[in-house]
Amino acid sequence: MTGARPVVITAAVVGAEVTRDQNPAVPYLPVEIAAAAVAAGRAGAAVVHLHARWPDGRPSQEAAHYSEIVARIRDAGSAVVVQVSTGGAVGMSLDERLGSLVPGAEMATLNLGTMNFGDGVFVNARPDVVRTAAAIRAAALVPECEVYDAGMLDTLRWLLERGHLAAPYHVQLVLGVPGGISASERNLRFLAEGLPAGVAWTAAGIGRAELPVVELALALGGHLRVGLEDNLFLARGVPATGSDALVAAAVERALAAGRTPCSPAEARALLGVKPFVGGG
Ligand code: KMH
Ligand code: ZN
């Protein structure tokens with residue numbers, strides 16, 4: 001992290017929506033998801049954003065699946081920061097979604113509002129957001145607030161004012177979900193400018209917006225998220241061979257922009273995550 005401004009790269013290696021029919025590299029089994037996370041870490045990701053799947057590919061928020069993924073990541077010697085999803089998939093109950101808050105996780109997502117999500121409705125009623133924030137805090141994890149539209153920044157401020165959320169927390173600006181704010185330079189600048197002063201933020205562009213959003217976030221001082229959850233292609237018509245290939249593309253762009261990818265230990269310090277005793 002010498003000299004150049006550090007950048008945290010997060011790899012979202014599986015998600016809840018993408019399937020192997022769309023790209024055979026999408027991992028389903030805990031062993032596959034863990035391998036994808038480890039490979040993403042080797043490629044330069046400091047944080048991995050995890051979902052779980054049943055063996056047939058259906059989304060899972062089973063604690064046993066998440067625990068196995070985390071254990072396999074650590075057994076492989078990877079020190080990546082482990083962030084679990086409390087978003088799960090559209091249609092899951094909140095109780096089901098909170099199954100991901102397993103020992104060994106270090107961060108968890110906090111989705112800030114209800115929205116159309118493709119053809120479904122991603123329900124995050126305000127009392128559920130408050131309950132999720134409390135569950136994340138009770139588990140001593142650092143929340144990452146997922147912002148898909150401008151009004152969710154107001155919810156972020158409301159959570160802070162009411163004491164439902166406090167530092168350390170991180171913000172993820174997600175652009176391009178059908179039903180959320182679209183991925184444009186104007187929209188990313190607008191969201192980034194509306195954040196509470198000094199907060200660290202990452203941007204994620206969905207689909208073909210992924211790498212253009214990487215370049216813009218680098219220029220604006222943000223951090224990066226890439227991976228098969230968000231985008232299945234390295235370039236038009238070229239399927240990504242894995243999330244690690246997308247991380248490598250982000251690393252290349254970061255270095256070209258004069259930003260140095262953080263190690264997991266540097267990312268923990270930057271994000272307010274407790275040091276990892278296993279190393280990193
Ligand atoms: N699968 C989306 C409906 C999160 O990870 O917290 C929600 C999602 C967000 O992926
Ligand atoms: Zn997710």
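Predicted model: local features only at pLDDT ≥ 70, side-chain atom pairs only at ≥ 80, totals over all residues.
Reader: Thanks! Which protein donors does the zinc ion (ligand 2) have?

Author: They are His 49 (NE2), His 51 (NE2) and Glu 229 (OE), at 2.1 to 2.2 Å from the zinc ion. Donors here are N, O and S atoms within 2.8 Å of the metal (3.2 Å for Na, K and Ca); water is not among the atoms, so sites may look incomplete.

Reader: And what spacing do those donors follow along the chain?

Author: The pattern is H-x1-H-x177-E. His 51 sits in the loop between β3 (47–50) and β4 (52–53), and Glu 229 in the loop between β13 (223–226) and β14 (233–235), so this pair ties together parts 178 residues apart in sequence. Helices (H or I, at least four residues) and strands (E, at least two) are DSSP runs, numbered from the N terminus.

Reader: Is His 51 buried or exposed?

Author: His 51 is buried, and Glu 229 is too. Buried means under 20% relative accessible area, exposed over 50%, and partly exposed in between (1.4 Å probe, protein chains only).

Reader: Nice. Switching to helices: at what angle do α1 and α2 pack?

Author: Helix α1 (residues 30–43) and helix α2 (residues 63–75) pack at about 45°, with axes 8 Å apart. Axes are lines fitted to C-alpha atoms, for helices over the stretch in contact, and angles run from 0 to 180 degrees between N-to-C directions.

Reader: Which residues of α1 and α2 meet there?

Author: On the α1 side they include Ile 33 and Ala 37, and on the α2 side Glu 68 and Ile 69. Contact means heavy atoms within 4.5 Å.

Reader: How about α6 and α7, how far apart are their axes?

Author: The axes of helix α6 (residues 185–193) and helix α7 (residues 210–220) come within 11 Å and cross at roughly 40°. Leu 188 in α6 is one of the residues in that contact, and Leu 216 is among those in α7.

Reader: Which residues of α7 are buried?

Author: Among them are Glu 210, Leu 211, Val 213 and Leu 216.

Reader: Last one: what follows α7?

Author: Gly 221 does, and its phi is positive, near 90°.

Note on methods:
Residues numbered from 1 in each chain as written. Chains lettered and ligands numbered in written order. Heavy atoms only, no water.
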